[in-house]
Amino acid sequence: MPSTFFGLTIAGSGLNAFQAAVNTTANNIANVQTKGYSRQVANRVQSESLRVYARYGTTGSGVTTTSITQIRDSYYDVKYWENNASLGLYEKKLYYMQQIEDYFIDDNSTKGFTTILNAMFNNLDYLSDAPGDMDRRKTFISSCQNLANYFNSVSIGLERIQTDANLEVLSTVNNINAIAEKIALLNNQINIVEMQGGYANELRDQRALLIDELSGIVPTEVKETQVLNTNDEYYVGCTEYVVKINGQTLVNTREYRTLECQTREYKINQSDIDGIYDIKWSDTGNDFSVNSEYMAGSLKALIDIRDGNNEENFKGTLDAVSGKKLVIKNPSQSTVEEMTIPEEGVITIQSKKFEYTSFEVEFDADGNATYTFELKEEPGAGAAALCGYEASVGTSINCMGVPYYFAQMNQFLRAFAAKFNDIEMDGETLSEVQKKMGAFFVARDKVSGEQGELQKSDTYNKITSSMSSYYKMTAANFEVSDASVKDASIFATTTQVVQGVDKAELIDLLLPLKEDVKLYRGSGSSGFLQCMLADVTVDAQEAKLFYDNHHNISLTITNQRLSISGVDEDEEALDLVKFQNAYNLASKMISTMAEMYDQLILNTAV
């Protein structure tokens, strides 16, 4: 037979259960605006029934609150993390592409390339009417300096973008390491709490927030597995929590790995800034495969902007190995204008890296180029077996980043300067000091600070990385020769001054360089900007389109997550009323039972 006060015990269980439910509801309401908070629920089950040795056998013993758990759907978490990687990629790429686009804008508010080029050729045409007029000469030379200054300033801007992206790579890697450490600590705390029979709801929310942040940086996968006892009979209360980024383990429960940034010893592209970082695993020293097929996230966008070459890096076939020399044929960069490789660097063949200290390029009668790289050390006996395999400098990255736009500017300037200088070098000057015209557009050496001497472009049958040639000319050091700037008479307009100072047959040859002579991607000088804008605008619009798409998807998934795990004020208000009524009924039950026991004890003297 049950206790006389068994009814009070049952009613008391109701009070306790609905008190816990009200407290849980209060906690939900208090965190309605807390980022990452998952709605919690008090789970109740009927208490175990008791045998009463009566005809009906057993009777209920009330209600028990078994746990307070969070409401969360792992399916929507996975979908959110997958989409967040793509969203992070295009958001960061759009941010930098818009900056690159700004440097090539040429409208009424910006004095850009087209404006400067038109002014230069208009002044050249004006000079053709009176070639001996020194004021006209100075005006034309000044407009040529404006063209050089334009490319110099764009070069500085692109270098700044590459620097910013490089520094952000460093801070992003540090952020990944900090997140990994925090997740490992939370894993340990969660297991301690849950092995003691609790539910670490708030800690799990903190961990999920960190995964949300990490998924925007790199592709993130999470797997949580319950730990069973040694005989696999029952769950011991803790879990194994593994986090992978880009398919590689970052966190394994309480242990975590870190990434580190190592400064490149050699440049990959001729116009790269110094101090570019490569990302490696701290424990193994292996490369973190940022250029893998499935890589996404903001870190991938930073690498694309910083290193993107549109897959136009140097490639060729190893033809021969002779001592410390590697001979490469069928190169992808077969003209001086296309050359982007640094003067010294690393050439890779079948995953084997060889450091080179210099190179030379020899052109045969048909214009075919053969590269010979001088290695820092003997390549070893096995190097000959690599003949026939592809050799490359740098990695092919299918994105138009800063290196690509540098390469395009360099290609245009080298072609334009070569054509312009070839025409000028046939002329005679009005100067008594320098009768024969030299190169008008030159490149200033960053080390010596001197302007290099250039020859006619068709005289370069062999080019070395150290000699003065058009390979040395980049957007950063493109200039008008000091001699022409200081003395306007040193500019040739005719091949024979004896025919008269107002002869201008060379100007007639220079003027078609604006539109008629094919210099860059099948167009004249005026087509350069259209080609560049086409590239950068298409890339920026693509990034904007994909960003908008993934942003909308993110909003949809977030709404679906919130519909399950978010706190709804109306729903909580209804629960509050419901649990309050249940609590009141349990209280009324206790009052009723108290009156019954009072009557039983005081009035019947039982």
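A cavity here is a set of grid points where a 1.4 Å probe fits but cannot get out. I kept that in mind while going through this predicted model.

**Entry 1: the cavity**

I noted about 40 Å³ of space in the largest cavity.

Next I wanted to know which residues line the largest cavity. I wrote down Arg72, Asp73, Tyr76 and Asp77, and then Arg561, Ile564 and Ser565. Sorting this lining by class, I got four charged residues, two nonpolar and one polar.

The most comes from α10, which gives three residues.

**Entry 2: α3 against α4**

I moved on to a helix pair. Helix α3 covers residues 113-129 and helix α4 covers residues 134-195. I read off a packing angle of about 160°, with the axes 9 Å apart. Are they roughly parallel or antiparallel to each other? Angles over 145 degrees count as roughly antiparallel, so that is what I put down for α3 and α4. I logged their crossing as left-handed.

Then I went through who meets whom. On the α3 side I listed Phe113, Ile116, Ala119, Met120, Asn123, Leu124, Tyr126, Leu127 and Asp129. They meet α4 residues including Arg136, Arg137, Phe140, Cys144, Leu147, Tyr150 and Phe151. By class, I have twelve nonpolar, four polar and three charged residues in the contact of α3 with α4.

Technical notes
Residues numbered from 1 in each chain as written. Predicted model: local features only at pLDDT ≥ 70, side-chain atom pairs only at ≥ 80, totals over all residues. Heavy atoms only, no water. Axes fitted to C-alpha atoms, helices over the stretch in contact; angles between N-to-C directions. Helix = DSSP H or I, 4+ residues; strand = E, 2+ residues; numbered from the N terminus. Parallel < 35°, antiparallel > 145°, perpendicular 65-115°, else oblique. Left-handed = near helix turned anticlockwise from the far one by under 90°. Contact = heavy atoms within 4.5 Å. Nonpolar A, V, L, I, M, F, W, Y, C, P; charged D, E, K, R; others polar. 1 Å grid on protein atoms, 1.4 Å probe; cavity = no way out; pocket = protein on both sides within 12 Å on 5 of 7 lines; lining within 4 Å. Points joined across faces, edges and corners; volume = space filled by probe spheres on them.
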